[in-house]
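Please keep the model open as you read.

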Amino acid sequence: MTRTCLVVDDSRVVRKVARRILESNGVAVIEANDGQVALNACREKLPDCVLLDWNMPVMDGLAFLRALRQEFGPDNPAVVFCTTENDIGHIETAMLNGAQEYIMKPFDEDILTGKLAQVGLL
């Protein structure tokens with residue numbers, strides 16, 4: 001069965017890069033450009049993993065993460081924050097609110113696949 005990853009980022013370029021890496025590793029990709037679109041996508045079909053940006057319009061990554069965990073529980077889907085926010089406070093906040101992993105932009109295939117392997121997607 002094909003694993004799915006919801007890529008949530010307001011940057012089309014970032015979504016495209018992530019899609020290319022994920023699809024080359026056999027993962028089906030769903031895209032969302034903000035947290036509200038992502039939450040609606042999760043309500044339609046819960047993905048195995050969410051690759052989540054922090055700073056987005058409408059609903060940011062943290063608000064999405066809190067809503068996701070409230071609605072679907074603490075563990076599923078796995079959430080990997082992917083952001084330019086690299087201070088320890090942001091990382092702690094992400095983890096305390098239910099993210100499993102955290103990667104910095106810009107990322108490459110090795111970084112992304114390594115983190116996705118850690119959360120059990122690959």
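## About the model

This is a predicted model, in which local features need pLDDT of at least 70 and side-chain atom pairs count only at pLDDT 80 or more, while totals for chains, interfaces and linings use all residues. Residues are numbered from 1 along each chain as its sequence is written, and side-chain values use heavy atoms, with hydrogens and water left out.

## The whole chain

Along the sequence, the chain follows the pattern β-α-β-α-β-α-β-α-β-α, with 5 helices and 5 strands (DSSP runs: helices are H or I of at least four residues, strands E of at least two, numbered from the N terminus). The radius of gyration (over C-alpha atoms) is 13 Å, close to the 14 Å of the globule rule (2.2 Å times the number of residues to the power 0.38) for 122 residues, so the chain is as compact as a globular protein of that length.

Buried residues (under 20% relative accessible area; exposed is over 50%, partly exposed in between; 1.4 Å probe, protein chains only) make up 47% of the 122 residues.

## Helix 5

Helix 5 spans residues 109-118, and its Leu-112, Thr-113 and Leu-116 are buried. These residues lie on the same side of helix 5, because they cover an arc of only 90° around the axis (from directions to the C-beta atoms). Asp-110 and Gln-118, on the other side, are exposed. The cover over the buried residues includes helix 1 (12-24), strand 3 (49-52), strand 4 (78-83) and strand 5 (101-104).

## Its two ends

At the start of helix 5, a side-chain oxygen of Asp-108 reaches to within 3.1 Å of the backbone nitrogen of Asp-110. Just after helix 5, Gly-120 has a positive phi of about 90°.

Conventions
Contact means heavy atoms within 4.5 Å. A polar contact is a pair of N or O atoms within 3.5 Å; within protein, one must be able to donate a hydrogen and the other to accept it, and residues adjacent in sequence count only if both atoms are side-chain atoms.
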